[in-house]
Amino acid sequence: MRIFSGIRPTGDLHIGNYIGSIKQWIDLQNENEGIYCIVDLHAITTPYSPKELQENILSQATSYIALGLDVEKCILFVQSSVREHSELAWLLGSITPMGDLGRMTQYKEKSKKHKEYINAGLLNYPILMAADILLYKIESVPVGDDQKQHVEFARSIAKKFNRQFGETLKVPSVKINKTGARIMSLQNPRNKMSKTDSGAGCINLFEDSTSIKKKIMKAVTDTGKTIKYDKVKKPGISNLLTIYSSFEDITIKEAEVRMKGKKYSEFKKEVGASLVEKLEPLRDRYIDLKSRRVYIEEVLKQGTKRARIIAEPTMIEVRRNMGL
Ligand code: AMP
Ligand code: TRP
């Protein structure tokens, strides 16, 4: 299967990004052809610093490799280095009904959050994401469930294109990691863990071990004593169970069995220990790779070349079928 996914290069990656998205990429890389994209053109739709963007792109590429992405097996590249993405986005925009864009949850949330920065790019964000996906004629898109609506949009635009201009684009399916689809903030387990939610609610992937343990110990839990998965009544405990089971590669049920009879504090200690055990070697690898900038730049350059080999023929077909 050919798969595609992307993450915006905005700040450090957190455990939500890892569990919801990157872990799936790595789990899928042996049996599939993975195409992974650092979506800088999406990153500029919310406030950002041009100086920091390049650094964020490189550190994100470094992170993926440190986390275990095998760049021999998959393609890793930067969105703006393959100009077919912007071109296809423009063309798809011409068959996108305006109303569909304003209704998107992420647009509504982000335009509320950055009232001073509502731009057409933010509104058109799903069109560019559809272009990312459709350029590569892929089968599946592994993402967290917050992105499901955008993938559905890409599917419907592909179908519309094919109806209007003849069979051209492949309609992909969305692949959501059921248990870890949404990791919640440790301080407010009814809200999603997010990059902007820094501080005690969010654990970055390469954070130091003492700080990771502290944040887990301070995580908001629920009334009661039993360690049981119940998202409605026990959102805090359920979130910790999800995190634990993802890092241990076991099911939630198995995690519940392991934690049976334990106190909340003992449970948290184990969650913290598991995170530290798994993340420490990854952090060491990240620090080591950080000093190999030329290598990372070369990986991205090769990724661009390989991505364009797939993207170019799609664009030739799209232009021809649209009469351009
Ligand atoms: P973003 O940081 O919003 O660009 O998200 C990058 C990827 O991580 C997307 O596939 C998201 O669905 C996923 N993701 C972001 N935050 C979370 C979270 N709290 N839980 C699970 N997945 C997440
Ligand atoms: N919109 C995604 C996010 O905010 C990132 C993204 C851009 C993406 N293009 C994509 C994800 C294509 C999957 C496929 O997380």
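Which side chain of opposite charge is nearest to Lys234, and how many Å away is it?

Analyst: This is a predicted model, in which local features need pLDDT of at least 70, side-chain atom pairs count only at pLDDT 80 or more, and totals for chains, interfaces and linings use all residues. Residues are numbered from 1 along each chain as its sequence is written, chains are lettered from A and ligands numbered from 1 in the order in which they are written, and side-chain values use heavy atoms, with hydrogens and water left out.

The nearest side chain of opposite charge is Asp222, 5.4 Å away. Here Lys and Arg count as positive and Asp and Glu as negative; His and the chain ends are not counted. Lys234 has no salt bridge (a side-chain nitrogen of Lys or Arg within 4 Å of a carboxyl oxygen of Asp or Glu). Yet Lys234 is buried (under 20% relative accessible area, 1.4 Å probe, protein chains only).

Lys234 sits in the loop between helix H9 (209-217) and helix H10 (235-248). Helices are DSSP runs of H or I, at least four residues, numbered from the N terminus. A polar atom of the Lys234 side chain lies 2.9 Å from the backbone oxygen of Thr226. Beyond its neighbours within four places in sequence, Lys234 is in contact (heavy atoms within 4.5 Å) with Asp222, Thr223, Gly224, Lys225, Thr226, Lys228 and Tyr264.

Now set another lysine beside it. The side chains of Lys215 and Glu207 meet in a salt bridge, 2.8 Å from N to O. Lys215 is buried, at 14% relative accessible area. Glu207 counts as buried too, at 12%. By the salt-bridge rule the count comes to 22.

Notes: Helices (H or I, at least four residues) and strands (E, at least two) are DSSP runs, numbered from the N terminus. Buried means under 20% relative accessible area, exposed over 50%, partly exposed in between (1.4 Å probe, protein chains only). A polar contact is a pair of N or O atoms within 3.5 Å; within protein, one must be able to donate a hydrogen and the other to accept it, and residues adjacent in sequence count only if both atoms are side-chain atoms.
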